[in-house]
Amino acid sequence: MTAREEIVRHHQVIERWLSGEPGQEFEEFDRAHAAAFTLTGPDGRTLEREQVMRQVRDLRGAVPGLRIEIRDVRVVAEAGPLLVAAYQEWQEGGARQSTVVFRRAGGELRWLHLHETWLNNPA
């Protein structure tokens, strides 16, 4: 799986979960993250994996009709099992520039760290 494929796939899972569409999206979301996953959000706070999982679990159906567009995916660096990619995430109310660190596990990419920065002021 390429970085672009994984980033798009992952955001489709998030889209379905936050929209409240039926399915097993939370399990897919949970499985995609490495045990040591961290997230630095646009506000500069860094969350540990369990904090992120708890927040996302509680947001099921919170954004009906959510659509996320992924743009400008590019691989920044790749060495051994690690791959770093940058991309933009666009949705109603705001856009983010993100950098993700993946760890390869078999043929899959696991999210190890994500850093998000606002591209514009969210509405």
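Trainee: How many bridges join β1 to strand β6, and which way do they run?

Mentor: Four bridges join β1 to β6 (residues 108-118), and the strands run parallel; strands are DSSP runs of E with at least two residues, while helices are runs of H or I with at least four, numbered from the N terminus, and two strands pair if DSSP finds at least two bridges between them. Please keep in mind that this is a predicted model, where local features need pLDDT of at least 70, side-chain atom pairs count only at pLDDT 80 or more, and totals for chains, interfaces and linings use all residues. Residues are numbered from 1 along each chain as its sequence is written, and side-chain values use heavy atoms, with hydrogens and water left out.

Trainee: Ok, and which residue in β6 is the bridge partner of Leu-39?

Mentor: That is Leu-114.

Trainee: Is β1 mostly covered or mostly open?

Mentor: Strand β1 (residues 33-40) is mostly covered, since six of its eight residues are buried, where buried means under 20% relative accessible area, exposed over 50% and partly exposed in between, with a 1.4 Å probe and protein chains only.

Trainee: New topic: how many aromatic pairs are there?

Mentor: The structure holds three, and rings of Phe, Tyr and Trp (its six-membered ring) pair if their centres lie within 6.5 Å, with planes under 30 degrees apart counting as stacked, over 60 as edge-to-face and the rest as tilted. The rings of Phe-26 and Phe-29 have centres 6.3 Å apart and planes at 40°, so this pair is tilted.

Trainee: Where do Phe-26 and Phe-29 lie?

Mentor: Both lie in helix α2 (residues 25-31), three residues apart, and both are buried.
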